Structures are given as C-alpha cells and as structure tokens.
Amino acid sequence: MELEPTIGLEVHCQLATRSKLFCRCPADFGGLPNSRTCPVCTAQPGTLPVLNQRALELALAAGHALRCTIRETIKFDRKNYFYPDLPKGYQISQFDQPLCEWGELEFEAEKGRSKVAKIRRIHLEEDAGKALHPDGLACSLVDLNRAGVPLIEIVGMPDLASPSEASAYLQALRRTLRFAGVSECDMEKGSLRCDANVSVRPKGQPELGTKVEVKNINSFRNVERALMFEIARQSEVVARGEKVVQETRSFRDSEGTTVSMRRKEDAHDYRYFPDPDLPLFDVGRARIDAARAALPEGFAARRRRYQGDWGLSEYDARVLTEEPAIAGFFDATVAAGLAPKAAANWIQGEVLAFLGETRGEFEQLRIAPAALHALVRMEEQGELSHQAAKKVLRRMLETGDSAAAAAQALDLVQIRDSGALAGTIDAVLAAEAKIVGDYKGGKETALNALLGRAMKATKGKGDPNLIKQLLLEKLGKPGG
Amino acid sequence: MDVREAEKIAGLARLSLDAAERSRFAGQLTAILGYFEKLREVPTEGVAPASHPADMRSPLRADDPAPFATPLELVARSHRPEGELYRVPRVLE
Ligand SMILES: [Zn+2]
C-alpha cells in the first residue's frame, strides 16, 4: 500500500511592535529576567488589557499580504490552561471570530512549479513567558518578559504534500511577512515558530489520516528533518497494521526524532469564552483599507517588476528579493539614477560578497544608494577603471567613505590628462624600441604590448583608452 | 450534570473536591445549566449573538512603550522568589 503524507503548518510570528499587545511594556528581546513586566502582563488583580493599535495594523497587513477576508468587528477570547509561564491562567487569543480568514500563499513547490496553499485563518494573541528548569533545583523558575508580546498565528490548510513543500511554504510565508513589515520572522530569536500537523493516508483515499501535531521545530533546516522523521514513523505504524495515535509530539533536534509529549488528554479542553475585559473591537472598513493601501510591495510583485519592467534575469530578480533590505537598497539605487542592470550587478557582486565575507547584515550597510551611484558615475566618466572601481567600493563598504574620498585615499583616480601621460608614453616608446619596430613592421598586436607597458608605468592608473589614442597619434597605422 | 463531569471540570480548574462537594456542585451546576436550557426557549432568530452584556466597544492605544518603574518589586512580592525570577513547583514538558 502506497502512503502519501498531508501536512499543514501553524506558524506563530511576533509582530514588529515596540510595546506588548495589551500593556505598555517594551516588546523587544533581551533584558534581565522580568525587567519588562508590569501589573498587566503579570496578571495582578484589578488590571485591564488595552489593545495595541499597531499590533492590529500589522495583523491587518499580514491578512492583506496573504489575501485574506478580514472581519470588521473582532472579539478576543480566553484560552484557559494552567502552566506557570501563563500568569493569568489563560491566554488572550481569538477563537471563533479571528481577524482574518481564507487567504492564500503562492510558493515555489519545486523548481519552476508554483503552488497555492490556502490559509485557514490568522488571529491575534499574546505570547506566554518562559519557564526554566535548572538542573539540581527542585523548582522551576519563570521569566515573564515575553508574556504579552504580540503574536499572530497563521493556520494553514493541510495542502502541503511533502516535507520539501512545507519548507518552501514556510520560506515564502516568511519572506511575505518580512516584505510586508509585519515581523522579523527570525526563527533563531523565536520571532517565528512553526508547528506542523502531519498525517499519512493510502494514496487516493479522500479522507485524511489521523493527525499528529509536531511541536518545537526550531529552525528552517529542521522543518524537513522533523517532517521526514514523522512521516516515516507514521508509515511504519500503518505498515505494521496499527493505528496512528492522535497526539502531540515534540521534535528532538539532537536525534532528529519526534517523541510523544504525553500530555493529559483533557489538556486540549481550553474552555474558550469571550474575554469579559475586552468588549468587541470595531476594526472598521477605513482601517482595513488604510492597511491595504500602506502595504509595501511584496517580493513576488517586485520580482515581476524587476524582470518585466527592468529586464533583469530571473536569477537577478531572485537574489535582489531575498531580503526586503536588499530590494529596498536596489530600488533606491535605481531611483538615484543608476541603470537597473548596473545596480543589480554591483549589489549582487561586490556588495553581497562583502556582506558574505564579513557576515554582515544588509541593514548595517555603511553606504547609501546615492554613494553607489556616485561610484558608478566615476567609472562611466573614466575617472576609475572597472578594477579600480571595485577596490574603491570595497573601501566605501568598509569605511563608509564617499566614492571620491575612497578613490582619493586609495590613490586610484585615473590619469586622464594627456599632458601628464605624454611623458610616460615617450619614455615607454624609447625603452621598447624593439616592440615599436614590430609595430611599424606591420604587427598590429604590438600596440597592446605597448599599451600594457604604459599602463604598468602609470601603476594601472592611466586611462587605457586615452593611452591607446595617444599611442596611435604618435605611431600612426601599423606598418605605416 | 453527573458527578463524573463535575470531577472533570474541577480537575481542569485545578480544584480538589471531596465526594460531598462533587455531588453538591454537580447539583448546583445542573440547576444553572437547566436555567440556560430554559433561556434557550426564547426565540432568537435574527438576533446577533452577544458576547458581552454591555453594547460597548474597546478602545485602542498607541504603540508607545512605557516601562513599568518597579517590575522586580512584583517578583519580590511573589512567593519565595529566586533572584529576579518567580519560583514555581517544578514543571517539565
Ligand atoms: Zn506589561
């Protein structure tokens, strides 16, 4: 019996707000334990939550970027469970009236084949704190800095047919959210978290098999690893003639396996009910439309524009839309006046190579788009050779110097003064009488040898076109 | 509601009830649920479900962080804190 897997992802991502979802504590990472807490997010009696407007706007941006239907009035519900990282004993989430529903995400399922996966819903909720279990301590310890940090949960339909599709879907989702400015989506920092629902069924069977939820997939690399293991495990269970148990399993990075979390069955009985502290919210048509209007251009639209309008190759368009910062820099460089192809070549070549070598982030780049344009103009106007321009750009990236200052500092500005070059050329012609003789005897290529000697004499700074012109003026036609 | 259901709900709410309490609460909860059954007889066709008793709307606030001045005082007031951390009975996933 041939089995096929079905996968759906549930993705949590932290909204890029400055403060928490229902209180004014800072929402950024780090800080001493519990230094970013207040009476609201530590659940002191008598406190009341007040919704962060920016969080709502970012959730709307996510909804638009994923082409969802958006609800004009929303409700928050309490999801009740007991765990020490949840000070209120419930999480404020959305149950039956989520902000966004029925969206879709197009992604490249494999090279050259795109696929559309449906998004079931996106809702707003608050993050929990962190429980620590130090060795040798009879108790656990709790840090509530993350309690109340704004999240959206993006629930995908089980539309993914393989671990590699799931990975491609997650990459496309991450890029979509990053380009929409919704979230940093950094899995290492925990601002993107992914749980997977996985089942297997005999090929052709319409109904889905028993679903297992895999949690704690902590990196992009591990999405495929965890799913491959879990699919193989379930397939073996079925092959033995047994039934897959519906359960939650945790991915173990060190072994590449999943293990049952053995939670009590009723742990999923969350007893949702409307949060009495939070009456309904009117999101309103105007706010929904404003979020749509404010949505930055997505990576897919940018790729189409780069290829269609600007004639870049598919490869170029892909590299430039890898990160919003790269695309933003590229667009700004073109807006500064540089031709798209030239801008693309410089960014992909020297700029990305520099960041690769220095393990730098595009956001920390020390040159402005206009500075890159200024450099290319220097080359176009013959002030720098192409090789020299590369060296100058390198220095600009390292020091933040302007193109002119870097060229000056490296002493690479091209000599384009025929008077200054004439002396050098005379000296070369005097020293290389044999080559001059060859040229005069009709050996046309001898001119290149003389050009090479002259370039060397100027330490590479002479303008090769000008030197060639001067040589021709002095020597006349070959054989002449 | 029977005693077994009352026991399950008590478990979810982390309440420890003895046998007499279980049967007393089962009776009381049955009466409360019976009242809702009665409310269900009211014709509600065309009436939007109400999630809150008051027909009011929640306000929004600007995304403007304002750190609480004495967060560690909250920790200090908790039961046997461990430095800047809250101490709880040992739990492990
Ligand atoms: Zn707070």
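How are α9(A) and α10(A) oriented relative to each other? In this predicted model, helix α9 (residues 369-380) of chain A packs with helix α10 (residues 386-399) of chain A at an angle of about 160°. Because angles over 145 degrees count as roughly antiparallel, α9(A) and α10(A) are roughly antiparallel to each other. Their crossing is right-handed.

On the α9(A) side, the contact involves A:Ala371, A:Leu372, A:Leu375 and A:Glu379, which meet A:His386, A:Ala389, A:Val392, A:Leu393 and A:Met396 in α10(A). By class, these residues comprise seven nonpolar, one polar and one charged.

The crossing of α12(A) and α15(A) is right-handed. From α12(A), the contact draws on A:Ser418, A:Leu421, A:Ala422, A:Ile425, A:Asp426 and A:Leu429, while α15(A) contributes A:Leu466, A:Ile467, A:Leu470, A:Leu471, A:Lys474 and A:Leu475. Nine nonpolar, one polar and two charged residues make up the contact of α12(A) with α15(A).

The table sets out the geometry of each pair.

| Helix pair | Angle | Distance between axes |
|---|---|---|
| α9(A) and α10(A) | about 160° | 10 Å |

Technical notes. Residues are numbered from 1 along each chain as its sequence is written. Chains are lettered from A and ligands numbered from 1 in the order in which they are written. This is a predicted model: local features need pLDDT of at least 70, side-chain atom pairs count only at pLDDT 80 or more; totals for chains, interfaces and linings use all residues. Side-chain values use heavy atoms; hydrogens and water are left out. A crossing is left-handed if the near helix is turned anticlockwise from the far one by less than a right angle, and right-handed if clockwise. Helices (H or I, at least four residues) and strands (E, at least two) are DSSP runs, numbered from the N terminus. Contact means heavy atoms within 4.5 Å. Ala, Val, Leu, Ile, Met, Phe, Trp, Tyr, Cys and Pro count as nonpolar, Asp, Glu, Lys and Arg as charged, and the others, Gly among them, as polar. Axes are lines fitted to C-alpha atoms, for helices over the stretch in contact, and angles run from 0 to 180 degrees between N-to-C directions. Angles under 35 degrees count as roughly parallel, over 145 as roughly antiparallel, 65 to 115 as roughly perpendicular and the rest as oblique.
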